[in-house]
Amino acid sequence: MSKAYYQFKPYNVGRWIIWTLFALVLLLAPQVFTSNLSISMLAQMGIAIIACLSYNLLLGQGGMLSFGHAVYSGLGSYVAIHTLLKVSAGALAVPVSLIPLIGGVAGFFFAILFGYVTTKKSGTPFAMITLGVGELVFALSLMFSDFFGGEAGISANRVVGDPVLGITFGPAVQVYYLIALYTFVCVAAMYAFTRTPLGRILNAVRDNPERVEFVGYNTQVVRYLAFMISGFFAGIAGGLGAIQFEIVTAEVVGPLRSGAYLLFTFLGGATFFFGPIIGGVLMVLALVLLSELTKAWLLYLGLVFLFMVMYAPGGIAGLIMMNLRVAAFGRLRELWVSYLALAVTGLVALLGAGGVIEMVYHLQLNAAIGPEVQYLGATLDTRAVESWFGSVFVMLTGIGLFEVTRRRFREHWSEIQIDIEKEIKRREMA
Amino acid sequence: QAQSARQAKREQASAASNAPLAGQTVKIAWIDPLSGLMAPVGSNQVKSFQFFAEKFSGPNKHNPAGVKWEVVPFDNKLSPAESLTALQSAIDQGIRYITQGNGSSVAGALIEAVARHNARNPGKEVVFLNHSAVDPDFTNSKCNYWHFRFDADTSMKMEALTTFMKDETSVKKVYLLNQNYSHGHQVAKYAKELLASKRPDIQVVGEDLHPLAQVRDFAPYIAKIKASGADAVITGNWGSDLALLVKAAVEGGYNGKFYTYYAGVTGTPTALGQSAAGKVYQISYNHYHMGGEYSQWQNEFQKKFNADFYTGSVIHIYRALSEAMARAKSTDPVKVAKELEGLKFTSYNGEVEMRKTDHQLQQPLYLSRWQKTDNKFTYNVENTGMTFALVREFPSYVSSTPTSCAMQRPN
Amino acid sequence: MEFVIVSLLNGVSYGLLLFMLSSGLTLIFSMMGVLNFAHASFYMLGAYVAYALSGIVGFWPALLIAPVLVGVAGALFEKYSLRKVHKFGHVPELLITFGLSYVVLELVQLVWGRTAVNFRPPELLQGPAFTLIHTPQDTMAFTWGRAAAELCQDAVCTPFPATRAFMMLVAVLMLVGLWLLITRTRVGLVIQAALSHPHMVEALGHNVPRVFMMVFGAGTGLAGLAGVIGGSTFVTEPAMAATLGSLVFAVVVIGGLGSLPGAFLASLLIGVIQTFAVAMDHSIGSLLEGLGLALSESMRNKDFLRLTLSQVAPVLPYLFLVLILIFRPKGLLGTRDH
Amino acid sequence: MLEIDNLHAFYGKSHVLHGVHFKVAPGEIVALLGRNGSGRSTTAKAIMGLADAEGDIRWKGQRITGLKPYEVAHLGIGYVPESRDIFPKLTVHQNLMLGQKRAGKGGRWSFDDMYAMFPRLKERQHTEAGVMSGGEQQMLTLCRTLMGDPDLIIIDEPTEGLAPKIVELVAEYLRTLKAKGVSVLLIEQKLTIALQISDRALVMGHGSIVFDGTPEELKANPYVRKEWLEVG
Amino acid sequence: MHTTPNPSDTPALELRDVWKRFGKTEIIRGANLAVRAGERVAVIGPNGAGKSTLFNLISGRFEPSSGEILLNGQRIDGKKPFQINRLGLSRSFQITNIFPKLSVFENLRCGVLWSLGYRYTFLKFLADLDDVNERAEELLDRIGLHKRRDTLAMNLTYAEQRALEIGITIAGGANVILLDEPTAGMSKSETKRFIELIREVTVGKTLLTVEHDMGVVFGLADRIAVVVYGEVIAFDTPEAVKNNPRVQEAYLGSVLAEQQAAEAAH
Ligand SMILES: Nc1ncnc2c1ncn2[C@@H]1O[C@H](COP(=O)(O)OP(=O)(O)OP(=O)(O)O)[C@@H](O)[C@H]1O
Ligand SMILES: Nc1ncnc2c1ncn2[C@@H]1O[C@H](COP(=O)(O)OP(=O)(O)OP(=O)(O)O)[C@@H](O)[C@H]1O
Ligand SMILES: CC(C)C[C@H](N)C(=O)O
Ligand SMILES: [Mg+2]
Ligand SMILES: [Mg+2]
């Protein structure tokens with residue numbers, strides 16, 4: 001038999017390029033974004049990427065919808081911070097750089113513990129049982145304050161032990177590079193996992209658990225193993241979080257955090273490996289940056305989410321892949337103008353809508369501070385009819401034009417898709 | 001009218017003449033919740049800060065330094081971790097003063113974070129002005145040089161409350177119902193300690209902790225309290241946990257009194273309504289009929305925002321900060337912090353002192369009672385037709401509690 | 001004695017409120033297979049809308065109109081949003097309701113502010129429905145409405161609020177109504193069939209999208225009704241959705257996803273158990289000591305041993321949830337193993 | 001009664017039918033034959049409004065292209081899909097009930113008629129349909145559609161998975177349908193039966209009709225049989 | 001697993017008085033059957049007789065209410081499907097049961113993995129498992145889906161999916177294979193090709209297949225088992241079965257089956 005199945009060979013170059021690029025991005029990011037806040041955000045992104053990817057081992061790879069993933073990252077954080085405390089008390093001698101691994105082991109351990117129960121089921125019962133475990137752990141975390149430190153949490157100082165090569169982990173940048181290193185390794189490891197027998201069988205379990213039983217695999221074991229591995233990586237993310245923030249509070253095991261993993265993994269795109277990476281980045285941008293930019297961030301987040309689920313259920317990764325497909329057939333260029341038009345009209349609509357929303361929020365929250373709202377450098381006056389009229393006008397015009405371009409775009413798009421289908425058929429025939 | 005206006009102008013002019021820092025802007029980062037459970041309180045407080053920033057900016061008698069105040073709000077979503085990110089962001093923007101108060105959990109995290117930051121970044125120090133977080137640990141076991149508290153801590157309030165109860169002979173049995181987190185634990189702890197020493201005859205007939213903001217139905221708790229025969233309840237509850245508790249008591253025919261910390265916080269008065277009249281007491285460092293300028297501001301605030309001003313520590317903070325800056329002739333946090341220590345200044349509740357040993361403001365406390373407005377107590381709280389009427393005032397020395405703080409000062 | 005009676009009544013009435021919420025959720029799930037994460041948001045919406053309406057038309061008309069409006073809102077959401085993702089499967093359906101809960105929360109806060117609003121029950125429902133009187137002679141008596149003040153001077157009076165009595169009444173009516181709807185009409189069949197093969201049902205001549213829309217509207221309308229009652233009995237505030245949301249999920253799963261009688265049983269059980277658990281001051285530590293084990297002082301201070309049943313009462317539903325899914329995944333009265 | 005002209009159909013982006021046209025007269029059994037994947041099922045779906053269709057579909061003179069499936073059904077066209085699509089969680093009886101367009105409204109057929117036709121269904125009346133055997137499900141689907149009292153019934157591969165004996169039964173019942181005035185569009189794989197009972201045969205290839213004639217003509221046309229039906 | 005057919009006289013598969021009840025209804029009522037190693041057996045019977053149920057019992061999808069099932073002399077009743085599969089029995093489904101979102105190649109690879117001993121490993125890359133990949137490629141050729149190698153299984157045509165279904169079933173190299181109506185829904189020519197395929201891939205293996213197409217049955221089977229009302233009423237050579245009056249009455253009916261059989265013989 002010829003080795004025709006080495007289909008990857010030509011792609012391998014591409015893969016090298018991608019991984020190198022990824023490493024470069026991780027390496028250079030803090031040179032580009034240098035403020036404390038952006039370095040802190042970059043670090044948080046690294047953590048979120050690991051967490052979302054570990055979550056996607058369950059959701060995207062294994063078809064397990066978990067509502068309690070924060071339990072594993074969170075408990076990883078707690079164990080890590082307790083370790084850090086022990087280290088600073090001199091009771092343990094672990095270098096700080098290895099503490100995230102201890103978090104990983106903790107996540108792994110709790111995944112073994114809880115996963116034994118949860119992975120017995122799949123589908124909706126799995127989802128519900130993880131919800132229950134999540135709520136329970138969260139509630140208990142506020143009750144057992146010895147370990148969880150109550151709502152004040154546990155804090156520690158990451159600058160302990162002797163510096164190695166002058167690295168104390170005091171400065172944020174040093175911590176960032178630690179996190180970046182972990183991110184790179186974890187992403188690579190999780191990617192590698194998807195190419196192993198267990199990874200593939202996990203996909204099979206997602207697609208059709210029944211049939212898997214008839215090719216010799218115990219689906220429960222497959223889910224359980226995947227759950228543990230996912231717990232391990234979640235724990236690493238948690239451990240890194242402990243070092244980054246030097247404080248761990250109950251919210252890290254809470255349902256909101258679990259919900260955020262789910263939301264952003266989905267937004268990034270659960271069907272593709274790299275989707276959650278986008279999701280993790282978005283998560284930090286939305287939770288940290290957006291909430292600082294506008295008081296209406298939750299509304300924006302909710303709306304974006306609604307529309308994404310409705311119009312792009314494959315997440316951002318799905319959108320990207322769709323366009324790559326079009327590009328692969330050499331048809332992307334002709335969409336260029338449409339995209340530009342969509343972007344412009346969309347922005348106009350958003351601009352108007354944003355103005356309206358900001359003014360409404362202003363009226364509700366800070367009317368008394370003064371009628372003016374700062375909006376993208378312009379000043380809107382909530383008392384002036386012109387502001388309202390203007391914003392609404394801009395919004396409506398934007399929406400109208402957007403709709404027109406969208407329709408044209410859609411036609412064009414489906415035309416291209418039809419052509420591509422035909423082309424594929426033709427190639428198959430050949 | 002005209003006269004007083006002229007007088008104000010004159011005062012301003014004289015203030016300006018010896019305002020050493022006039023023209024400088026001091027930014028204060030406000031890191032508190034604007035979304036989530038505590039958002040109502042947070043939005044009220046950010047308004048308070050902005051209101052007085054506007055009022056006190058520039059040289060005037062409340063601003064001897066003559067600086068211009070600017071408040072930069074950060075929504076921390078009541079989360080310690082988010083607060084640290086906000087702190088980072090504030091520091092990046094060059095802000096050197098931060099204020100926070102909602103949630104001792106966040107305060108604890110901020111205290112440590114500020115301490116770490118200051119240690120790691122000499123020359124970029126940050127001062128933390130705590131306006132409402134009342135965990136006594138912050139000025140005892142966990143006291144820190146960069147932290148200054150302008151509220152009165154749990155132990156001080158309980159000191160005053162039990163002093164009042166000493167004379168309330170009708171109270172024989174009390175019940176302690178609190179939220180299951182550090183604030184609730186501490187209220188229960190100090191209540192037991194101080195009652196035992198001041199009114200040993202009072203029996204604590206029951207003690208309960210319930211999860212924070214989880215309980216919708218307090219009827220079972222009321223049934224339990226009734227069954228215990230308690231004639232008063234001491235509770236540190238706030239928000240809906242307090243409102244629902246009192247509501248359930250009214251409906252369940254419980255006639256005992258409620259000694260509370262936070263009955264006046266946004267939303268709760270509305271929920272208390274008229275049926276709770278005479279049953280609910282609040283211990284605080286201010287009340288709704290302080291008189292003088294304070295009452296004017298309160299009314300002005302009411303008119304402007306259709307909300308009640310209750311976070312009086314905001315005024316303390318601007319006052320103290322300006323005073324210290326004037327003395328330091330600088331807005332450098334290191335110098336200002338030094339001046340803040342032990343600073344004595346006059347505020348709306350008389351002469352107060354930022355105690356040097358632990359950075360806890362020493363100030364009078366007031367006990368007030370929920371009742372219908374009348375000729376004497378006119379302030380209409382949350383447009384309910386009800387108000388908190390002053391029952392008793394406790395001078396600073398009464399409510400003062402000792403500290404175990406061993407302050408580490410930077411050299 | 002009156003403690004037990006009142007606790008029982010408290011438990012049952014609270015349980016019935018839970019049922020009002022879980023019934024709509026169950027209806028939607030059993031018929032459409034959608035776990036509506038925004039269900040509690042519709043509950044909140046019901047309370048707020050009724051609050052706004054009661055200022056204009058009074059409480060009683062609002063009690064009728066608000067649920068209808070909420071139901072219409074739900075139906076519109078189904079039509080313009082949920083329906084679009086139906087073809088993508090259950091996870092996106094769930095997620096879109098998840099997203100909706102954020103949007104509803106923000107909108108409610110935009111319109112009505114972030115603090116509790118003063119939504120009070122009408123005159124008729126203020127005050128007690130009846131009063132239990134424990135006389136000094138240690139006998140029990142009972143009067144409708146409020147007991148005379150002089151009577152309560154030396155006797156112990158325990159009033160039972162009219163709002164709660166009303167809540168019980170409405171919940172029972174709702175149960176009966178739903179029961180009739182599901183068992184006596186073909187709508188239920190159509191929808192269950194459409195769960196597996198929607199196109200086939202259509203090809204048999206049934207207008208499936210409209211039925212789905214109506215079911216979703218009905219379910220959210222029920223949540224709205226619960227909101228009117230829950231909001232006026234407890235508080236109407238933005239946090240009201242979040243606190244009840246996951247609890248209701250627990251109830252529905254414990255009862256057996258999709259089973260109406262199960263939801264009813266689970267609601268009552270949880271209501272009553274929670275209520276009585278509050279009264280229990282037993283902890284593991286005290287239990288051990290009761291068994292004759294001497295605990296050292298440091299042991300006694302371990303929070304694990306100190307935790308009392310009354311403290312964990314509010315999280316008991318989640319404990320049940322986990323236990324039931326392990327030992328009886330169908331739920332109490334569920335018929336299918338999902 | 002049913003007239004189809006220049007019908008094109010699509011699955012998403014792929015174009016499956018290319019200008020199909022044929023007619024079905026009242027009381028006629030028309031067999032639609034063809035290889036796998038030639039587009040027969042798609043034709044049925046297009047008529048029912050279950051696939052994107054362009055072109056002209058007329059039913060009793062009225063244009064029904066683009067109508068919703070339930071509207072088509074209400075006009076009197078019944079459809080038995082090849083995938084059976086029984087409702088697994090409902091009982092056999094409930095499945096039949098859903099076949100009725102309005103509760104309790106009697107048409108040509110009653111429950112008893114159905115049970116008489118396939119006694120096996122009566123035995124399993126109260127069983128969940130999902131656990132029934134493949135063949136039983138096939139019977140159920142047929143009956144369910146009949147309960148809707150259609151004037152034309154489109155049956156996609158009704159004999160698949162049925163025991164030979166039952167296949168004969170089905171064939172017989174299709175004739176009964178015809179006797180009751182119902183037209184049948186029969187999509188079949190088994191030539192033997194199809195040619196036995198139908199009045200006319202259509203053969204489909206690559207998304208269009210390549211033969212239209214009587215069974216006799218088809219039997220006499222080896223080219224079509226070989227090229228489009230792969231039988232000698 | 002690669003076990004050679006059992007040389008001794010132990011039947012490859014044996015059912016001893018197997019019963020299955022669902023609630024009160026008895027679906028399988030004392031079925032007895034002994035299939036020799038290397039034999040091809042067709043299972044026929046009226047709709048609802050319990051053929052698929054029998055397969056479900058053998059393959060561990062259901063547990064028998066009573067009775068014994070033996071695979072190469074070893075009790076397998078009560079075992080889980082995956083355990084039975086590991087003992088060398090594999091089955092296909094009447095209703096296509098594949099991994100829709102994996103490519104054809106991956107589908108086959110999943111079928112191969114366990115039997116080559118890779119189990120739950122996550123320390124090796126799939127791409128490096130030469131034996132697995134070779135085997136999967138070979139299967140791909142055998143079931144004629146080479147051109148569709150990287151197509152997602154859900155995008156295959158019905159017939160292709162059926163072929164894949166068989167491919168997954170034989171991938172693990174089991175020596176006892178159960179096929180439930182493998183040719184259902186296929187056209188004549190496809191059916192013919194398919195029978196060839198089945199014949200080819202099951203050389204030296206024990207095969208049980210459910211079929212309604214008499215052409216297939218008579219063309220493929222060494223022996224035919226007739227199941228009626230949950231009992232095996234006959235188990236004999238095709239000729240004998242065809243002429244068995246009970247079988248004719250219960251199942252075959254009259255002329256039509258004859259015709260079909262004749263048609264298939266072309
Ligand atoms: N849902 C679908 N999406 C995309 N293509 C489809 C879909 N269903 C069918 N097709 C394609 O459309 C063509 C016609 O299919 P159709 O089912 O109408 O054929 P048929 O003649 O009924 O064949 P069969 O004997 O397999 O039932 C085939 O090439 C098939 O692959
Ligand atoms: N889980 C179950 N519960 C109740 N009855 C069942 C269950 N599974 C199968 N049955 C019944 O058992 C009988 C036999 O079904 P089975 O699928 O084995 O038939 P079969 O011989 O394969 O028929 P066909 O040739 O039509 O596929 C049917 O009447 C079916 O309804
Ligand atoms: C503002 C208050 C309601 C919060 C309280 N001060 C605390 O420490 O948690
Ligand atoms: Mg077909
Ligand atoms: Mg079968």
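Tutor: In this predicted model, ligand 2 lies between chains D and E. The shell around ligand 2 holds 21 residues, and the closest include Ser133(D), Gly135(D), Lys51(E) and Thr53(E).

Student: What makes the pair formed by Ser133(D) and ligand 2 a polar contact?

Tutor: A polar side-chain atom of Ser133(D) lies 2.8 Å from an oxygen atom of ligand 2. The limit is 3.5 Å between N or O atoms, so the pair qualifies. On the other chain, a side-chain N or O atom of His212(E) is 2.8 Å from an oxygen atom of ligand 2. For the side chain of Arg124(D) the distance is 3.2 Å, which is also within 3.5 Å.

Student: How much of the accessible area of ligand 2 does the protein cover?

Tutor: Ligand 2 on its own has 640 Å² of accessible area, and the protein covers 91% of it. Two elements give two or more residues each to this shell: α6 (134–146) of chain D and α1 (51–59) of chain E.

Student: How do the residues of the shell around ligand 2 divide by class?

Tutor: Six are nonpolar, ten polar and five charged.

Student: Where does ligand 1 lie, and what makes Thr42(D) a polar contact of ligand 1?

Tutor: Ligand 1 also lies between chains D and E. A side-chain N or O atom of Thr42(D) is 2.3 Å from an oxygen atom of ligand 1; the cut-off is 3.5 Å, so this pair counts. The side chain of Arg40(D) has an N or O atom 2.6 Å from a ligand 1 oxygen, and Gly39(D) places a backbone N or O atom 3.0 Å from one. Of the 630 Å² that ligand 1 has on its own, the protein covers 67%.

Student: Which helix gives the most to the shell around ligand 1?

Tutor: Helix α1 (residues 40–48) of chain D does, with three residues.

Student: Why is α5(E) described as largely enclosed?

Tutor: A residue is buried when its relative accessible area is under 20%. In α5(E), 13 of the 14 residues are buried, so the helix is largely enclosed by the rest of the structure.

Technical notes
Residues are numbered from 1 along each chain as its sequence is written. Chains are lettered from A and ligands numbered from 1 in the order in which they are written. This is a predicted model: local features need pLDDT of at least 70, side-chain atom pairs count only at pLDDT 80 or more; totals for chains, interfaces and linings use all residues. Side-chain values use heavy atoms; hydrogens and water are left out. A residue is near a molecule or strand if one of its heavy atoms lies within 4 Å of it. A polar contact is a pair of N or O atoms within 3.5 Å; within protein, one must be able to donate a hydrogen and the other to accept it, and residues adjacent in sequence count only if both atoms are side-chain atoms. Accessible areas come from the Shrake-Rupley method with a 1.4 Å probe; for residues, only the protein chains shown count as cover. Helices (H or I, at least four residues) and strands (E, at least two) are DSSP runs, numbered from the N terminus. Ala, Val, Leu, Ile, Met, Phe, Trp, Tyr, Cys and Pro count as nonpolar, Asp, Glu, Lys and Arg as charged, and the others, Gly among them, as polar. Buried means under 20% relative accessible area, exposed over 50%, partly exposed in between (1.4 Å probe, protein chains only).
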